[in-house]
Amino acid sequence: MKVMIKRLHSPDLPLPHYQTPGSAGVDLYAANEQDIIIPVGGRAQIPTGIAVAMPTDYEAQIRPRSGLALKYGLTLLNTPGTIDSDYRGEIKLIVINLGDKEYTLKRGERIAQMVFSRIMQVDLQETDELEDTIRGSGGFGHTGK
């Protein structure tokens, strides 16, 4: 499957790519012009400098990088974020610092990953009754801990 990618700015940064043959996602790079200091509990919108065009039955999911979450408490809000197939604007990330120290985000850091996934649109039909299951309406923690 081909996904078209367009640089909107930051030609000095690498395009997203798979780090290993078994990688599920491509890394996204921070395309901020200057360092961004994200205080403890703070959040920032980070540009990536790219836009994509994918087939209509696909989405791109934006996910945090586990190393940044473990080492620094950095993660993404709205996770996973969805890039719809008809969106052509710049991909931007909402980064939050849940760590115990402020974090200085430098230009060119690998800050998130993008995973492409096939989707389908369904035909939602209103009904007065839903089929019963063993679980029923049991929700959060209903099966134990």
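**Salt bridges and strands in a predicted model**

Me: In the salt bridge that D27 forms with R110, how far apart are the closest N and O atoms?
Reply: This is a predicted model, where local features need pLDDT of at least 70, side-chain atom pairs count only at pLDDT 80 or more, and totals for chains, interfaces and linings use all residues. Residues are numbered from 1 along each chain as its sequence is written, and side-chain values use heavy atoms, with hydrogens and water left out. A salt bridge puts a side-chain nitrogen of Lys or Arg within 4 Å of a carboxyl oxygen of Asp or Glu. For D27 and R110, the closest N and O atoms are apart by 2.7 Å.

Me: How many residues apart in sequence are the parts that D27 and R110 tie together?
Reply: D27 lies in strand β2 (residues 26-29) and R110 in strand β11. Strands are DSSP runs (E, at least two residues), numbered from the N terminus. So the pair ties together parts whose separation in sequence is 83 residues.

Me: Is D27 buried or exposed?
Reply: Buried means under 20% relative accessible area, exposed over 50%, and partly exposed in between (1.4 Å probe, protein chains only). D27 has a relative accessible area of 6%. Therefore D27 is buried.

Me: Which residue in β9 is the bridge partner of I46?
Reply: Strands β4 (residues 43-47) and β9 (residues 92-97) pair in the antiparallel sense over five bridges. Pairing needs at least two bridges found by DSSP. In β9, the partner of I46 is L93.

Note on methods
Helix = DSSP H or I, 4+ residues; strand = E, 2+ residues; numbered from the N terminus.
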